[in-house]
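My notes follow in the order I looked things up.

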Amino acid sequence: MSEPFFLHSQVAPWFKVVAQQIVLTLFTHKELALDQLFVRHEPDNEEELLPMRLSGQQGELAIWQGTLPLPKESAACFYTFKALQGHKQWWIHAGGVSPNMPPRHSHFRYHLKQRPPLWVQDQIFYQIFPDRFCNGDPAISVKTGEYQYGDGSHPVIAKSWNEPVASSHNGTGATEFYGGDLAGIQSRLYYLQSLGVTALYLNPIFVSPSNHKYDTLDFYCVDPHLGSNEKLAELTSNLHQRGMRIILDAVVDHTSDQHPWFDKAGVGHGAYHDVNSPYRRFYTFSQDGNYVGWKGVSNLPKLDFAAREVQDIVYRADDAILRHWLRAPYNIDGWRLDVAHMIGENGTAKGNHYHLREMRQAMKQENPESYLLGEHFFEASQWLQGEQEDGAMNYYGFAHPVRAFLAGKDISYHPIEISAREFDSWLSQARAQLPFANQLAQLNLLDSHDTARFLSILDGNLALMRTAVTLLFTYIGVPSIYYGDEVGLEGGTDPDCRRPFPWDSTEWNHLLHDHFRRMIRLRKTHPALRRGDLHTLYAGDHSFVFARTLESDVVITALNRHPTKARTMQLPIWQTASLASRFTDPETREKFEVIRGELQLTIPPQTARVLIAT
């Protein structure tokens with residue numbers, strides 16, 4: 001026998017913080033007769049059950065309400081609900097409904113103080129790999145043979161915009177330059193705004209010998225082949241005048257082995273050759289002179305955050321890296337922390353959480369509204385509880401399950417087959433471990449500079465690509481477009497996923513481009529898609545339906561991945577706690593009537609439909 005229906009939402013008007021307490025609402029079906037209902041929390045680490053009262057009815061739902069005092073001993077509030085009926089009991093928590101008390105990691109949670117900036121929820125992010133987006137100033141572009149990369153055996157190569165990218169980094173992948181720069185980005189702001197983009201995330205732009213620039217030589221200087229500090233200040237000013245935002249990539253886990261602090265080439269007094277160098281403590285050396293590199297890569301020596309000097313330079317001192325670029329004249333709006341989970345002491349991740357908390361504090365001192373985004377390829381909930389990151393690149397909670405469900409591939413490109421039920425469970429478990437405010441600040445993505453393009457993973461299946469795009473813009477969290485995805489740019493694994501943007505519009509897939517534009521407009525029009533709650537209405541073998549709700553705004557997303565069969569279903573609209581009686585498909589203008597709390601919908605194969613309460 002399945003458990004009864006329960007619904008708890010952390011959005012207005014069903015969740016309010018008033019006078020040091022939270023006013024909570026829990027919905028049940030009106031025919032479910034409960035003996036008692038409690039909200040459970042742990043003041044002073046001891047259980048307390050607070051009774052809730054039946055306060056009314058809305059459609060098919062009974063409304064239970066109660067109050068929960070805000071904790072005095074901590075900034076985080078954890079709670080769950082306990083329902084009693086005869087000898088039965090149910091526990092309602094962020095992970096679902098259980099017959100016994102759930103573990104703490106799946107309790108509902110609310111952070112009183114450390115919350116992501118509200119502006120993040122309203123953004124459409126666009127990720128740019130600077131060398132591959134647009135060449136605005138050919139005079140500063142890298143010239144073939146201008147310098148030698150790495151150990152001196154790889155001369156840099158200038159390539160024309162339409163030449164193919166190298167097949168691997170073992171050859172010339174890091175040394176090929178196409179000439180994209182900050183001037184090019186600025187020259188295309190009109191295009192980005194016409195698409196609907198409101199915020200940029202740039203891959204690293206500081207001095208580096210590679211095209212990807214994850215091997216930094218100078219954290220205080222924009223690479224001259226991309227522009228200058230003054231050009232960055234001009235770009236950020238222009239963006240802000242347009243009402244747009246920008247975050248940069250902070251690569252502070254490691255440096256280039258040619259950084260003056262390390263100086264493997266021996267041109268100065270760096271740590272590699274000089275045991276008495278003032279920078280020796282910046283890195284982790286063994287007695288035999290070996291050192292720790294990021295994932296064992298020798299040209300990326302890891303910084304040692306056990307050294308007070310490293311802490312000062314990265315985040316603690318007045319002109320620390322993370323502070324410097326948040327200030328005028330640059331005024332960037334936040335940082336994306338590269339390999340955030342690996343930052344730490346003695347060549348390991350020791351002290352990682354401490355240092356990320358300190359980084360957050362430093363950023364918020366400079367700009368309380370700055371956005372701290374972490375890069376984590378896997379499950380990242382421990383960094384997203386309020387005190388560390390505002391959001392993460394949501395590989396685990398979005399990109400991975402979407403890839404598995406629609407493309408049948410896991411993150412390692414191994415085959416995987418999951419049903420819509422399993423897809424829903426994966427998404428739900430990922431959400432359940434995060435405060436709701438941090439769910440809204442997660443950066444959702446289909447692909448990035450580190451993965452194959454999603455359209456290529458789908459073997460060019462445009463129907464499923466459009467379905468994935470619909471998910472990207474209607475799911476909870478902030479959507480991020482990897483440059484070129486919107487015009488159908490393809491590419492395999494890194495570095496092939498970093499192809500130049502095709503500015504010749506005859507090469508674009510205009511149907512896909514139009515779909516991106518429609519979905520961006522839809523997201524901007526409906527507050528429920530930016531800050532509303534999410535509730536699953538159906539999850540079967542191939543079909544998945546969910547609702548985003550915020551007061552009277554209700555948006556339903558329904559998708560069917562089956563290659564040939566349409567799916568017709570009765571959707572329990574009453575479960576959204578909405579009184580809407582009609583929905584409209586904004587693309588086809590078809591109307592759907594809600595009859596006795598249900599709506600009948602047919603989803604064609606390999607299609608996603610969106611319905612709006614009207």
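**Cavities**

I counted four cavities of 30 Å³ or more. The rule I used: on a 1 Å grid over the protein atoms alone, a cavity is a set of points where a 1.4 Å probe fits but cannot get out, and lining residues have an atom within 4 Å of a point. Grid points are joined across faces, edges and corners, and a volume is the space filled by probe spheres set on the points.

I looked up the largest cavity and found a volume of about 170 Å³. Its lining has 21 residues, and the closest to its centre are Asn394, Gly397, Ala430, Leu434 and Gln442. Helix H7 (395-407) and helix H8 (420-432) are the elements that give two or more residues to this lining. I take helices (H or I, at least four residues) and strands (E, at least two) as DSSP runs, numbered from the N terminus. By class, I get twelve nonpolar, seven polar and two charged residues around the largest cavity. Here Ala, Val, Leu, Ile, Met, Phe, Trp, Tyr, Cys and Pro are nonpolar, Asp, Glu, Lys and Arg are charged, and the others, Gly among them, are polar.

The second largest cavity holds about 60 Å³ of space. I listed its lining: Asp131, Ser141, Val142, Phe177, Gly179, Gly180, Asn211, Lys213, His225 and Leu226. That lining divides into three nonpolar, five polar and two charged residues.

**Ground rules**

I note that this is a predicted model, with residues numbered from 1 along each chain as its sequence is written. Local features need pLDDT of at least 70 and side-chain atom pairs pLDDT 80 or more, while totals for chains, interfaces and linings use all residues; side-chain values use heavy atoms, without hydrogens and water.

**Asn229**

Is Asn229 buried or exposed? I find it buried, at 14% relative accessibility. My cut-offs are under 20% relative accessible area for buried, over 50% for exposed, and partly exposed in between (1.4 Å probe, protein chains only). Asn229 lies in helix H3, residues 229-241. I set aside its neighbours within four places in sequence and looked for contacts (heavy atoms within 4.5 Å). Asn229 touches Tyr220, Cys221, Val222, Trp325 and Tyr330.

**Salt bridges**

I count 32 salt bridges in the structure. Each is a side-chain nitrogen of Lys or Arg within 4 Å of a carboxyl oxygen of Asp or Glu.

I started with Asp312 and Arg316, whose side chains meet at 3.6 Å, N to O. The two are four residues apart in helix H4 (residues 308-316), so about one helical turn separates them. Asp312 is partly exposed at 24% relative accessibility. Arg316 is partly exposed too, at 23%.

Next I looked at Asp390 and Lys364, which form a salt bridge at 3.1 Å, N to O. Asp390 lies in the loop between strand E22 (371-374) and strand E23 (391-392), and Lys364 in helix H6 (residues 352-366), so this pair ties together parts 26 residues apart in sequence. Both Asp390 and Lys364 are buried.

I then took Glu587 and Arg518, with their closest N and O atoms 3.7 Å apart. Glu587 sits in the loop between strand E30 (582-584) and strand E31 (591-593), and Arg518 in helix H12 (residues 510-525), so the pair ties together parts 69 residues apart in sequence. Glu587 is exposed, at 53% relative accessible area. Arg518 is partly exposed, at 31%.

I also found one network: Arg40, Glu42, Glu47 and Arg104 are joined by salt bridges that share partners.

**Cis peptides**

Which residues does the cis bond with omega of about 5 degrees join? I traced it to Ala328 and Pro329. Pro329 lies in the loop between helix H5 (321-324) and strand E21 (334-337). I logged another cis bond from Asp494 to Pro495, with omega near 15 degrees. Pro495 lies in the loop between strand E25 (478-482) and H12.

**Positive phi**

I looked up Gln20, a residue other than glycine with a positive phi, near 65 degrees. Gln20 lies in the loop between strand E2 (15-18) and strand E3 (21-29). Gln20 is exposed, at 59% relative accessibility.

Glu551 has a positive phi near 55 degrees. I place Glu551 in the loop between strand E27 (543-550) and strand E28 (553-560). Glu551 is exposed, at 57% relative accessibility.

Terms used:
On a 1 Å grid over the protein atoms alone, a cavity is a set of points where a 1.4 Å probe fits but cannot get out, and a pocket is an open set with protein on both sides within 12 Å along at least five of seven lines; lining residues have an atom within 4 Å of a point.
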